[in-house]
Amino acid sequence: MNRLLPLLLLPLLSLAPKRPAALPESARQLTLRINGEAVKADTSSSRFFLSEDRALRLNVVRADDPDGEGLTIIIDRFPIQAGTYSFQEILSGRNRDASYRFGKVAAYSKSCGQNTGFVVVTGVDATRHWLRGTYRCQVCEAGRGGRRFVLEGEFQYPVEKE
């Protein structure tokens, strides 16, 4: 009888909670937070582009403004490898900046007193043209008293040729 007990418990295993299925590697994952508040990103309108001169452009579009510009981050001379790409390197001649447009709001990383921000690429799939990582940047409206926005999020996203 003791040998049959495990066989009797098999039907109960089907009732146990199952682990959620892992997302396929081709799934687009893209998040956006503005000053800590989650804003839904439009994964069908957002695009990541890599030009022939290896400038990487991340364009994260808000779901509530799919025709708008949203957030654009530029990393010049992207070596197509994992690493941290800081915006403070603009002074060294590399173009790493961010801009954000939503409705009448236009804000730029270069308008802030400190041009802080970075993109951390944690995974590169060169054969399938995918990047995985996080981003964080600070952009400011031009002019005195302009608002400051901190935009951040995570991504697993395809990269298109520009």
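This dialogue walks through a predicted model of a protein chain.

Biologist: What should I know before reading this predicted model?

Modeller: Local features need pLDDT of at least 70, side-chain atom pairs count only at pLDDT 80 or more, and totals for chains, interfaces and linings use all residues. Residues are numbered from 1 along each chain as its sequence is written, and side-chain values use heavy atoms, with hydrogens and water left out.

Biologist: How many helices and strands are in the protein chain?

Modeller: Helices (H or I, at least four residues) and strands (E, at least two) are DSSP runs, numbered from the N terminus. Here there are 1 helix and 13 strands. The order from the N terminus is α-β-β-β-β-β-β-β-β-β-β-β-β-β.

Biologist: How much of the protein chain is buried?

Modeller: Buried means under 20% relative accessible area, exposed over 50%, and partly exposed in between, with a 1.4 Å probe and protein chains only. Of the 162 residues, 38% count as buried.

Biologist: Why is strand E8 called largely enclosed?

Modeller: Strand E8 covers residues 96-102. Because 5 of its 7 residues are buried, the rest of the structure largely encloses it.

Biologist: Which strands pair with E8?

Modeller: Two strands pair if DSSP finds at least two bridges between them. Strand E6 (residues 70-75) runs antiparallel to E8, joined by 6 bridges. Leucine 71 has tyrosine 100 of E8 as its bridge partner. Strand E9 (residues 105-108) also pairs with E8 in the antiparallel sense, over 4 bridges. There, serine 99 has tyrosine 108 of E9 as its bridge partner. The hairpin of E8 and E9 has 2 residues between the strands, and glycine 103 takes a positive phi near 60°.

Biologist: Which residues have the most contacts inside the largest nonpolar core?

Modeller: A nonpolar core is a set of buried Ala, Val, Leu, Ile, Met, Phe, Trp, Tyr and Cys residues joined through side-chain atoms within 4.5 Å. The largest has 31 residues, and Leu71, Ile73, Val119 and Leu151 have the most contacts inside it. Contact means heavy atoms within 4.5 Å. Leucine 151 touches residues including Leu71 and Tyr100, not counting those up to four places away in sequence.

Biologist: What lines the largest pocket?

Modeller: On a 1 Å grid over the protein atoms alone, a pocket is an open set of points where a 1.4 Å probe fits, with protein on both sides within 12 Å along at least five of seven lines; lining residues have an atom within 4 Å of a point. Among the lining residues are Phe78, Asp125, Trp130 and Lys161. Strands E10 (117-125), E11 (130-141) and E13 (160-161) each supply at least two lining residues.
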